[in-house]
Amino acid sequence: MGKAIQISIHNPSQYICANCEQILPDWKQQQFLWVVVVLQQARYPLVEVTGEVEREKERLREKFMRFGCDVAFNLRDRSYVTDLIDPRTGYPLLSHPGAVPHDDTAVVKALLGYPVIKNKCSVLVHPEWGTAVYPSILLSEAPPEIILQVMNVIAPLHGWTEINKDAV
Ligand code: B12
């Protein structure tokens, strides 16, 4: 429980293409953008507002930030524009925030077709993990095979085994 990770690389959803300037103002020049969906299994369902759920969200946010920043800076060092969305706010970490926060659950719903339940917020339901899923998003103009190559080098440093190629 709370250990599994699922990563997949996608073309951006129509909504993001249509509203890129609103959500990622610094990306308007970019010809291409790949969306990396990083789903971590949580130790408990992320539905209620409890100290336990808040601590678990913080734990998973930190794991994503550590992994995501390593991948992002590696790709940026190769001159590929890359950024990650702060799961706590919906705003990009390494570029200017837009007028609209990036809705991670709406994006995962659009790209993976997983259902979302609406309470005071919109909560993703993973086919195996249910609502014990922590969604997070990395964006890059690097081609998927380069993103995968870099993630395969960095994932083991974060305790995650090799990422299988059918993530693309
Ligand atoms: C802001 C926010 C809140 C706000 C409310 C947001 C709301 N009204 O929906 C508050 C603080 C109330 C909240 C509460 C909770 N939240 Co909340 N929240 C977020 C946050 C940071 C942003 C969501 C957002 O901006 N939604 C946009 C909504 C508000 O706008 P909208 O007008 O309805 O729709 C527009 C957007 O969708 C926009 N859009 C933007 N990008 C895209 C992309 C696509 C493809 C599309 C179609 C549309 C779109 O277009 C629409 C029209 O303009 C997300 C993380 C993230 N980065 O997404 C976490 C997040 C959704 N919350 C989460 C959780 C767990 C909760 C709680 C259920 C529990 C908790 N302990 O936090 C509680 C609710 C408890 C309860 N009892 O009800 C988790 C869900 C985990 C999961 N399994 O999916 C997330 C993913 C954070 C995380 N990573 O853990 N949350």
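**Figure 1. The largest pocket of the predicted model.** About 750 Å³ of space lies in the largest pocket of this predicted model. The elements α2, α3, β5 and β6 each give two or more residues to the lining of this pocket. The largest share of the lining comes from α2, which supplies 5 residues. In total, 27 residues line the pocket, and those nearest its centre are Lys-57, Pro-87, Cys-121, Ser-122 and Val-123. By residue class, the lining consists of 11 nonpolar, 6 polar and 10 charged residues.

**Figure 2. The ligand and the shell around it.** The ligand sits in the largest pocket. Around the ligand are 33 residues, of which Glu-54, Lys-57, Asp-103, Cys-121 and Leu-124 come nearest. The shell divides into 17 nonpolar, 8 polar and 8 charged residues.

**Figure 3. Helices and strands around the ligand.** At least two residues of the shell come from each of the elements α1 (14–23), α2 (51–77), α3 (104–112), β5 (122–124) and β6 (133–140). The most is given by α3, with 5 residues. For the lining of the largest pocket, by contrast, the largest share belongs to α2.

Figure 4. Glu-54 places a polar side-chain atom 2.6 Å from a nitrogen atom of the ligand. At His-102, a backbone N or O atom lies 3.3 Å from a ligand nitrogen atom. A polar backbone atom of Lys-120 is 3.1 Å from an oxygen atom of the ligand.

Conventions. Residues are numbered from 1 along each chain as its sequence is written. This is a predicted model: local features need pLDDT of at least 70, side-chain atom pairs count only at pLDDT 80 or more; totals for chains, interfaces and linings use all residues. Side-chain values use heavy atoms; hydrogens and water are left out. A residue is near a molecule or strand if one of its heavy atoms lies within 4 Å of it. A polar contact is a pair of N or O atoms within 3.5 Å; within protein, one must be able to donate a hydrogen and the other to accept it, and residues adjacent in sequence count only if both atoms are side-chain atoms. On a 1 Å grid over the protein atoms alone, a cavity is a set of points where a 1.4 Å probe fits but cannot get out, and a pocket is an open set with protein on both sides within 12 Å along at least five of seven lines; lining residues have an atom within 4 Å of a point. A molecule sits in a cavity or pocket if more than half of its atoms lie within 2 Å of its grid points. Helices (H or I, at least four residues) and strands (E, at least two) are DSSP runs, numbered from the N terminus. Ala, Val, Leu, Ile, Met, Phe, Trp, Tyr, Cys and Pro count as nonpolar, Asp, Glu, Lys and Arg as charged, and the others, Gly among them, as polar. Grid points are joined across faces, edges and corners, and a volume is the space filled by probe spheres set on the points.
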